[in-house]
Amino acid sequence: MVHQQRSRGRLSRSGDTEDIRRSTEDIVLLLAPRLAHFAGVARTEHVTRAAQEMQVPQSTLSRAMVRLEQDLGVDLFARRGRTVSLTPAGRTFLGSVERALAEIERAAEEVRADADPATGKVAFGFLHTMGAETVPGLIHAFRARHPRIRFSLVQNYGEAMLEKLRAGELDLCLTAPVPDAPDLVARRLDEQKLRLVVPADHRLADRRRIRLAEAADEMFVTLEPGYGLRRITDDLCRAAGFKPRIAFEGEEAETLRGLVAAGLGVALLPPPAFPRPGVAELTVTSPRAVREIGVAWLEGHPDTPPVAAFKKFLLSRRDNLLPG
């Protein structure tokens, strides 16, 4: 069977890539509002019944189907009065339309579920150093009040999480130092003391307190550039009057602690979740060695009820965020 090709096709015949892209966008805009109507008519094979089921005027539905065929440039239906049947082209088109509508329905259900006040989802990012103790404790306390809210958890370094915020992949993130950027809102929540970690057999290991300047001749192991803790380490050493000599750079604080235990350098690190053998952890008296922990979110980004509830909870933990 040969199908009649309508003369009023909307797709560009130009070989120019930009023209093709624009014509594709145009055809999508033209077709999208009519796809559900097409599927309804195709399912019932009767314009009147389809109009009744979809609660639209029959004349409106008939005109929509004619316009759809004109925009596509092919006949989708063979008409016998108010009864219609799909042409082979219409049957091919219906398969794709049904898949597209099912995907839209699935997406709508997913975003509604994520926004549900009782069972929705929070995409939450945090630093690796907060993964063992701080974040599990926070979520445990929050879910005592909101037991069915779900979390999508992302551990990363600060700059990577801020980029995920900007990309819409995270709702909130805990990071240090507290970011200062015009497109973000950030609130200080707590501060965490940093210690100078040295090997257990180091010349300074018997000390409990130390001025950072006393470690000026040591080799340091640090996080890579771009990590917040690396920036804080560089700033503290500069304030102590020296530039740290870097022996190793890593991506995770506990790996650095292991390198220190192996005698490969010293490091400025937050307290561990659990004591690590092979190292001594010294209180730094000068300069004041702390890192500020804050929560950040995208400026102007609307919160779903679960995100709003968790944000309120985090802000209520100011100065009480970290384990005692």
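Reply: Lys164 pairs with Glu169 in a salt bridge whose closest N and O atoms are 3.2 Å apart, the term being used for a side-chain nitrogen of Lys or Arg within 4 Å of a carboxyl oxygen of Asp or Glu. Lys164 is partly exposed, with a relative accessible area of 25%, and Glu169 is also partly exposed, at 47%; here buried means under 20% relative accessible area, exposed means over 50%, and partly exposed lies in between, for a 1.4 Å probe and protein chains only. This is a predicted model, in which local features need pLDDT of at least 70 and side-chain atom pairs count only at pLDDT 80 or more, while totals for chains, interfaces and linings use all residues. Residues are numbered from 1 along each chain as its sequence is written, and side-chain values use heavy atoms, with hydrogens and water left out.

A search of the whole structure finds 24 salt bridges. In one of these, the side chains of Glu69 and Arg79 meet at 2.8 Å, N to O, and the pair links distant parts of the chain, with Glu69 in helix H4 (residues 58–72) and Arg79 in strand S1 (residues 77–80), 10 residues apart. Helices (H or I, at least four residues) and strands (E, at least two) are DSSP runs, numbered from the N terminus. Glu69 counts as buried because its relative accessible area is 0%, whereas Arg79, at 40%, is partly exposed.

Another bridge joins the side chains of Arg150 and Asp114, 3.1 Å from N to O; this pair, too, links distant parts of the chain, since Arg150 belongs to strand S4 (residues 150–155) and Asp114 to helix H5 (residues 88–115), 36 residues apart. Arg150 is partly exposed at 36% relative accessibility, while Asp114, at 18%, counts as buried.

Arg188, Glu191, Arg288, Glu292 and Asp319 are linked in a network of salt bridges. Most residues other than glycine have a negative phi, and most peptide bonds are trans. Glu45 likewise has a positive phi, near 55°, and is found in the loop between helix H2 (35–44) and helix H3 (47–54).

Pro177 is in the loop between strand S5 (172–175) and strand S6 (184–193), and Pro287 lies in the loop between strand S12 (279–286) and strand S13 (290–298).

The largest nonpolar core has 35 residues, and those with the most contacts inside it include Phe124, Phe151, Leu174 and Leu321; such a core is a set of buried Ala, Val, Leu, Ile, Met, Phe, Trp, Tyr and Cys residues joined through side-chain atoms within 4.5 Å. Among the elements that each supply at least two residues of this core are S5, S6, S13 and H10, and S13 gives the largest share, five residues. Apart from it lies another core, of 31 residues, among them Leu194, Leu229, Val260 and Val284.
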